[in-house]
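Morning, everyone. I'll take a few minutes on how some pieces of this structure pack together. Please have a look at it first.

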Amino acid sequence: MTDLTKLTLAEARDGLAKGDYTSVELTEAHLKSMDAHRNLNAYITETPEKAMEMAKASDAKRAKGDAGKMEGLPIAVKDLFCTEGVQTTAASHILEGFKPEYESTVTSNLFGNGAVMLGKANLDEFAMGSSNTSSYYGNVINPWKDKSGKDLVPGGSSGGSAAAVAANMALAATGTDTGGSIRQPASYCGIVGLKPTYGRCSRWGIVAFASSLDQAGPMTKTVRDAAIMLGAMAGHDAKDSTSAPIAVPDFEAALTGDIRGMKIGIPKEYRVDGMPEEISKLWDNGVAMLRDAGAEVVDVTLPHTKYALGTYYIVAPAEASSNLARYDGLRYGQRVMDDGDSLDDMYMKSRAAGFGKEVQRRIMIGTYVLSAGYYDAYYNKALKVRRRIYQDFEGAFGQVDAILTPTAPSAAFAIGENEGDPVKMYLNDVFTVPASLAGLPGISVPTGLSAEGLPLGLQLIGKPFDEETVLRVGGVLESAANFTAKPAGQEG
Amino acid sequence: MSYILEGSTGPWEIVVGLEVHCQVISKSKLFSGASTKFGNEPNSNVSLVDAAMPGMLPVVNAECVRQAVKTGLGLKAKINKESVFARKNYFYADLPQGYQISQFDKPIVGEGTIILDMPDGSTKSVGIERLHLEQDAGKSMHDQDPKYSHIDLNRSGVALMEIVSMPDIRSPEEAGAYLTKLRAIVRYLGTCDGNMNEGSMRCDANVSVRRPGEGFGTRCEIKNVNSIRFVMQAIEIEAKRQIEVIEGGGEIQQETRLYDQRLGETRSMRSKEMAHDYRYFPDPDLLPLVFDDAFISEIEKELPELPDEKKARFMRENGLSAYDAGVLVAEKEKADYYEVVAKGRDGKLAANWVITNLFGALNKAEVGIADSPVTAENLGKLIDLISDDTISGRIAKDVFEIMIETGGDPEKIVEEKGLKQITDTGAIETAIDEVIAANPDKVEEIRAGKDKMLGWFVGQVMKSTGGKANPGMVNKLLRDKILG
């Protein structure tokens with residue numbers, strides 16, 4: 001029997017449909033893989049019993065001729081999605097032991113479509129980070145190694161999800177992306193990561209980081225897998241006022257492989273100073289692949305790009321500082337209090353003990369930029385720039401169907417690197433943040449290897465609610481790049 | 001008449017602006033489906049959103065929006081077709097989200113006006129600056145445990161309308177009239193029950209003093225006063241305190257103060273330096289609240305006749321004075337009662353009976369109009385009995401007394417007690433003859449020109465008939481017999 005963990009989501013779906021194997025068998029294979037790779041620390045909570053229960057139920061459902069879009073397919077769920085009766089931590093100490101009485105809309109949709117949950121994937125605390133080193137439950141190790149063989153970060157914040165998929169510990173995983181948290185780890189781990197348009201997937205039941213930016217999306221082995229999974233996650237939700245009341249198309253049908261006559265934009269502002277040669281080359285290769293496939297490549301300008309990172313690091317912390325106010329030790333999660341303490345003492349002790357350094361830093365930045373006397377200089381100005389950034393894209397999309405850029409300025413770096421320099425760490429998001437601020441769909445597709453033998457991804461950005469074009473072009477890029485490299489031990 | 005406080009150094013004028021929180025009448029909360037029912041077990045009306053569980057999102061309740069627009073229309077205010085919910089950030093145990101969802105620079109309702117009906121029958125108009133929608137907080141209970149405070153989240157997330165006046169109020173009486181009128185308007189509209197003692201209407205007062213004609217002074221805010229009477233007292237006491245400070249060479253510090261009705265003083269709660277920095281910003285979980293003209297005109301169609309219009313109609317159609325009309329429309333139930341009594345009858349007579357007799361009796365018994373023992377139908381019948389000469393006005397007062405006591409039907413009371421007016425000429429003549437026969441000297445006096453004595457005879461005849469004789473007939477027959 002072939003190694004069931006090496007299948008793509010689409011292959012596994014088709015194999016299940018043909019009766020080649022059962023969901024129980026698929027699930028068992030992945031649980032075994034999770035055992036074998038526990039050293040990567042990709043999961044905060046493994047749910048083998050629940051997984052087997054769901055797999056059995058799924059097989060029974062299929063036997064009755066009733067199969068959903070993701071029927072029987074075992075996946076990892078980023079531990080930012082609230083899952084009923086299963087500990088949900090957001091990788092924070094402050095939520096340790098918290099078991100929601102409700103299921104997030106996205107996981108509910110996935111489970112309704114037959115998906116099986118293997119466990120809750122590790123992440124940066126409250127999804128704040130680009131390295132997955134800020135998790136209270138320990139950092140995640142990238143399954144890929146550079147030539148020196150040292151441990152590398154998987155990227156973040158959806159680092160556990162990315163590592164789980166790359167190491168075949170799940171057929172696919174849910175991620176969330178606020179400034180690049182799906183795309184950047186996908187690039188670092190050599191997988192596909194799709195951040196849908198803001199409003200495509202419901203945010204209900206996802207622990208909030210920055211409400212105007214957070215968006216759930218699929219992290220998968222292939223572009224086709226991303227199309228399948230997005231279709232099972234997305235949809236309007238009356239419980240989320242920012243969820244878009246529009247129909248979910250058949251994303252898989254968009255994968256025609258034909259991009260002839262399409263216009264692809266290349267924004268000159270993304271060619272930043274000091275861009276590593278290999279990233280520059282990767283990008284050029286990508287341009288050549290799309291041109292060879294019949295697309296017309298057009299230079300576009302996104303003049304406010306240089307302000308995007310600064311804008312993001314005002315807007316996101318501002319919203320976070322308010323969103324995280326509810327973790328006060330009162331109703332759930334950790335409470336730290338000594339006898340005779342006042343309410344304020346309890347707040348301070350619980351939050352000081354419950355939140356890690358990076359989360360505290362962002363709460364402080366956010367509080368500062370919203371405070372009286374600074375609001376106009378920071379937050380209000382950031383909103384104005386954000387509008388300009390959106391208008392930049394609007395202008396560009398007047399000329400082109402999609403925009404091609406690198407996903408990240410580098411390959412995965414060593415654990416511990418950049419730790420002392422938050423601004424350098426924030427630079428990892430430089431190419432992903434603009435699309436987040438504009439609410440646009442973006443996909444990272446692995447297209448090459450660095451000199452150190454590490455995966456590198458290219459990003460395609462699309463028009464609002466045009467994930468279909470992003471997927472179609474992404475599919476062409478994927479075929480042309482023919483990226484078959486795997487981390488050591490996962491070769492096919 | 002302007003209200004002036006005399007200080008030791010001269011006259012002072014007071015300037016007051018009121019911020020009133022009105023709890024919106026709605027089945028469910030502003031951003032969740034939980035019930036708003038008052039008086040349920042603590043923490044029984046709490047949804048996941050109200051408890052601020054991780055990942056929960058607010059969804060605005062359209063009914064609350066309609067109520068706010070309706071109130072705005074009732075205040076003759078500008079309705080903003082686009083408004084924005086903003087977060088007001090602060091930590092407190094009864095605020096689970098760590099922020100209150102409110103409206104900041106883009107409220108749902110803009111400027112409007114309230115016409116005050118002053119006790120002397122005059123009116124004054126006070127500007128409304130804005131009305132915005134916001135969530136209520138939960139309730140902290142400090143008396144349940146010696147060591148810990150308990151929190152009840154039933155109220156957490158219930159919709160409030162904060163209605164902010166312009167600083168147009170110049171006396172405690174005007175503040176009282178403002179609150180009375182605002183309460184009447186929201187009650188007429190059915191958008192808030194206006195019960196200050198249950199906390200469904202709460203008032204903060206911004207008070208400052210100045211020399212007449214000068215610019216505004218520094219204001220202090222008196223928080224959460226829970227009755228109209230206390231608001232009036234607090235304003236006067238606070239104004240006097242400020243005058244004393246200024247005249248003593250001190251300066252007023254902008255601050256938040258509490259009114260202690262027991263001690264009759266205001267006390268500093270927190271200074272400007274200690275004031276919260278609320279870090280308002282647009283709530284990213286909610287889209288701007290946008291609606292069209294059709295939405296507004298739909299609500300406009302449902303507007304009931306409001307106190308000002310009703311007052312004008314009573315004056316126009318029933319010939320009532322501004323004062324009487326104002327008294328009647330102050331509460332919708334009173335106006336409704338009056339309209340039943342006045343229907344098909346003399347409007348002024350009806351107003352007299354309702355205001356002087358009924359309200360007088362209800363006040364004395366400390367009973368509200370809703371619990372009046374005399375129904376509007378019965379009071380109407382009583383007036384009919386006077387109008388068709390079945391009883392006299394004086395007997396009517398006796399019958400009314402019985403109605404207040406027993407709640408009885410005036411026709412039956414008159415029947416049972418035999419109070420029908422005597423209109424039988426023979427019977428009255430007999431009574432007159434008896435009085436004349438007993439007082440020949442007084443008869444002579446009248447004939448000698450002392451007309452006034454005729455009144456004495458009327459009185460005697462009325463007395464001998466137990467008040468039942470028709471006074472007009474008695475008068476006429478007496479004249480005929482004595483002067484004839």
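**Helix pairs and a domain contact**

In chain B, α7(B) and α8(B) are oblique to each other. Keep in mind that this is a predicted model. Helix α7 covers residues 332-342 of chain B, and helix α8 covers residues 347-365. Their axes cross at roughly 135 degrees. The axes come within 9 Å. The crossing of α7(B) past α8(B) is right-handed.

Which residues meet here? From α7(B), take Tyr337(B), Tyr338(B), Val341(B) and Ala342(B). Facing them in α8(B) are Gly347(B), Ala350(B), Ala351(B), Trp353(B) and Val354(B). By class, that contact of α7(B) with α8(B) has eight nonpolar residues, one polar and no charged.

Next pair, still chain B. Helix α2 runs over residues 172-189, and helix α3 over residues 228-247. They pack at an angle of about 150 degrees. Roughly antiparallel means over 145 degrees. So α2(B) and α3(B) are roughly antiparallel to each other. Their axes lie 9 Å apart. Here, too, we have a right-handed crossing, with α2(B) passing α3(B).

On the α2(B) side, the contact uses Pro172(B), Ala175(B), Gly176(B), Leu179(B) and Thr180(B). On the α3(B) side, find Ile228(B), Val231(B), Met232(B), Ile235(B) and Glu236(B). Sort the contact of α2(B) with α3(B) by class, and you get seven nonpolar, two polar and one charged residues.

Now switch to chain A, and step up to domains. Domain 1 of chain A is made of two stretches, 4-262 and 399-481. Domain 2 of chain A is 306-383. How far apart are the centres of the two domains, taken over C-alpha atoms? For domain 1 and domain 2 of chain A, the separation is 27 Å.

The two domains do touch. Domain 1 of chain A puts 28 residues into the contact, and domain 2 of chain A puts in 23 residues. Look at the domain 1 side. Two helices of chain A, α13 (422-426) and α14 (433-438), each supply at least two residues there. Which element gives the most to that side? α14(A) does, with four residues. By class, the side of domain 1 of chain A that touches domain 2 of chain A has 16 nonpolar, nine polar and three charged residues.

That's my tour. Questions, please.

Notes: Residues numbered from 1 in each chain as written. Chains lettered and ligands numbered in written order. Predicted model: local features only at pLDDT ≥ 70, side-chain atom pairs only at ≥ 80, totals over all residues. Axes fitted to C-alpha atoms, helices over the stretch in contact; angles between N-to-C directions. Parallel < 35°, antiparallel > 145°, perpendicular 65-115°, else oblique. Left-handed = near helix turned anticlockwise from the far one by under 90°. Contact = placed C-beta atoms within 7 Å. Nonpolar A, V, L, I, M, F, W, Y, C, P; charged D, E, K, R; others polar. Domains from an automatic or database assignment.
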